[in-house]
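This report goes through a single protein chain, from its overall make-up to individual residues. The sequence and structure come first.

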Amino acid sequence: MRYSILFSIFVSNYLTRLPEKVLLRQWIRETYGNLKESREEIMSCNGCSFNNSTTSAGYDWLSDLPDTTDKSDIVEVKFKSTRKEYFKNLENIPVKRGDKVVVATSPGHDVGEVSLTGYLAEKQFKLKIKNPSRYDLNPIYRKATETDLEKLEEARAREKQTMIRARQAASELGLDMKIGDVEFRGDNKKAIFYYIAEGRVDFRELIKVYARDFRIKVEMKQIGARQEAGLIGGIGSCGRELCCSSWRTDFESISSDAALKQGLSPSAQKMAGACGKLKCCLLYELDAYVEAGNEFPKELLNLELAAGMAKPFKTDYLKKEIWYTLEGNIGNTFNLSLKQVKDIIQKNKRGKKPEIDTFANKVKESDNLDSAVTLEGELERFDKQQKRDKSIKNRRSSNRGRKNRRNRNQNKEQVQAQGQSQNQGNNPNSNKNRKPKFKVVKKSE
């Protein structure tokens with residue numbers, strides 16, 4: 001496969017791209033080397049892309065919006081994973097989405113990427129922060145230089161080994177907690193330890209161990225199962241990056257009622273995500289299903305028909321259909337539109353029981369569609385072929401059985417003949433009627 005690709009590339013690009021004084025072998029070696037390097041770049045994996053870099057690989061929906069940095073000096077900055085904080089651009093530094101900036105923290109500084117500016121950043125700040133008056137907006141120092149980015153990479157390189165040692169220290173102290181992730185700041189002087197615990201944990205001794213071993217300032221932050229899945233990253237059942245690791249920053253509690261309202265299975269195993277909780281995407285279309293469900297009647301859904309009582313077992317809110325089954329006859333199912341259901345409910349209130357044939361035409365139409373499908377030739381030709389094969393098989397088996405019976409009869413006759421000859425030789429009375437070969441002479445006295 002590799003050589004066929006190289007040969008096709010050579011044939012298609014020989015006249016235009018192949019240098020005049022370059023040997024064919026050297027050109028193939030260079031081409032194969034480029035292909036190998038690109039393949040290694042594509043196949044290399046150092047974890048989730050959103051966890052290792054702050055640049056999103058998805059489509060930029062805000063690229064066409066106008067610049068509104070003159071309307072507000074609030075800037076939203078994104079750090080590792082989905083952690084976002086808000087800062088003030090006091091010196092009016094010309095920044096835009098995607099720029100790496102150095103921001104002030106308490107203490108020290110950090111390096112992040114600008115995610116929102118201007119009017120949208122202010123709206124997001126008022127939406128996410130519950131008490132904006134108590135939130136300290138630290139300033140933006142400058143745009144990040146190469147030195148700042150190199151220092152950030154050095155800090156990120158320490159995270160994996162630090163997390164392994166942090167888990168060992170927590171296990172040695174016997175604490176009922178799990179260290180989910182470690183995030184170093186851009187100045188490499190402070191780290192945030194994300195942990196998961198069901199209850200309260202006294203980690204004062206653990207902080208002393210971390211400060212002594214890592215020589216940094218320690219900040220402990222408790223997270224839930226959804227936040228942990230966002231930090232680790234992964235691929236969802238839809239085939240895309242997890243929402244919690246790519247763009248979602250706020251997490252709400254999701255109940256099984258959200259799945260039931262959409263006609264989905266309430267099984268927690270089928271609806272669970274990478275975190276073990278119900279999927280966040282169950283809320284994306286919930287409003288549309290709730291709005292469509294308001295048109296359906298809430299009572300008197302059991303319909304009285306001439307054939308019996310019909311009970312609903314499935315509802316399609318978007319198609320506005322309800323599936324029914326007759327009581328005592330589970331196999332007889334049919335679907336009714338919302339308008340038909342409302343009409344039958346009004347008839348039941350007046351004491352009328354409509355015939356099921358009046359609105360079961362959909363089942364008949366499906367049968368008619370099946371019968372309307374015509375194929376070239378007779379459909380019975382397959383049955384004829386099967387009958388012919390079966391008759392040949394029966395004939396062969398009958399012939400084989402006739403031969404077997406003939407052979408058994410012959411063997412039986414032979415056995416009987418041999419048995420008779422053996423019996424004659426062994427029976428003492430068999431010589432009574434035989435004439436003696438020698439005469440018996442009596443001696444005289």
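Accessible areas come from the Shrake-Rupley method with a 1.4 Å probe, and for residues only the protein chains shown count as cover. On this basis the chain has an accessible surface of about 32300 Å², 50% of it belonging to carbon and sulfur atoms.

The model is a predicted one: local features need pLDDT of at least 70, side-chain atom pairs count only at pLDDT 80 or more, and totals for chains, interfaces and linings use all residues. Residues are numbered from 1 along each chain as its sequence is written, and side-chain values use heavy atoms, with hydrogens and water left out.

**Confidence**

pLDDT is the predictor's confidence in each residue, from 0 to 100. Its mean over the chain is 76, and 67% of the residues reach 70 or more. By element, confidence is highest in β3, with a mean of 94, and lowest in α3, with a mean of 41. Residues 14-24 have a pLDDT below 50, and beyond near neighbours in sequence this stretch has six contacts in the model, a contact being heavy atoms within 4.5 Å. Residues 358-363 also stay under 50, with ten contacts beyond four places in sequence.

**Overall make-up**

Helices (H or I, at least four residues) and strands (E, at least two) are DSSP runs, numbered from the N terminus. The chain contains 15 helices and twelve strands. Buried means under 20% relative accessible area, exposed over 50%, and partly exposed in between (1.4 Å probe, protein chains only). Of the contacts between residues at least 6 apart in sequence, 58% join residues at least 24 apart.

**Salt bridges**

Side chains of opposite charge can pair when their charged atoms come close. The criterion for a salt bridge is a side-chain nitrogen of Lys or Arg within 4 Å of a carboxyl oxygen of Asp or Glu. The whole structure has 20 of them.

| Pair | Closest N to O |
|---|---|
| Asp-181 and Lys-80 | 3.2 Å |
| Lys-178 and Glu-228 | 2.7 Å |

Asp-181 forms its salt bridge with Lys-80 at 3.2 Å. Asp-181 is in strand β6 (residues 178-184) and Lys-80 is in the loop between β1 and β2, so the pair ties together parts 101 residues apart in sequence. Asp-181 and Lys-80 are both buried.

Asp-213 counts as partly exposed because its relative accessibility is 33%. Arg-165, at 26%, is likewise partly exposed.

For the salt bridge between Lys-178 and Glu-228, Lys-178 lies in strand β6 and Glu-228 in helix α8 (residues 225-232), so parts 50 residues apart in sequence are tied together. Lys-178 is partly exposed, at 40% relative accessible area, whereas Glu-228 is buried, at 13%. Salt bridges with shared partners also join Lys-80, Arg-156, Glu-159 and Asp-181 into one network.

**Asp-99 and its surroundings**

Asp-99 sits in the loop between β2 (84-88) and β3 (100-104). With a relative accessible area of 13%, Asp-99 is buried. Its side chain reaches the backbone nitrogen of Lys-96 at 2.9 Å. Apart from neighbours within four places in sequence, the contacts of Asp-99 are Pro-94, Gly-112, Glu-113, Val-114 and Lys-143.

**Backbone features in loops**

Asn-92 is found in the loop between β2 and β3. Its phi is near 55°, a positive value in a residue other than glycine. Asn-92 is exposed, since its relative accessibility is 62%. Asn-188, in the loop between β6 and β7 (190-196), also has a positive phi, of about 60°, although it is not a glycine. The peptide bond from Ser-106 to Pro-107 is cis, with omega near -5°; Pro-107 belongs to the loop between β3 and β4 (109-117).

**A nonpolar surface patch**

Patches are made of residues with over 30% relative accessible area and no salt bridge; like charges are joined within 9 Å, and nonpolar side chains (Val, Leu, Ile, Met, Phe, Trp, Tyr) within 5 Å. One nonpolar patch on the surface consists of Leu-65, Tyr-119 and Leu-120, which together have about 270 Å² of accessible area. Leu-65 lies in the loop between α3 (49-52) and β1 (74-78) and is partly exposed, at 45% relative accessibility.

Technical notes
A polar contact is a pair of N or O atoms within 3.5 Å; within protein, one must be able to donate a hydrogen and the other to accept it, and residues adjacent in sequence count only if both atoms are side-chain atoms.
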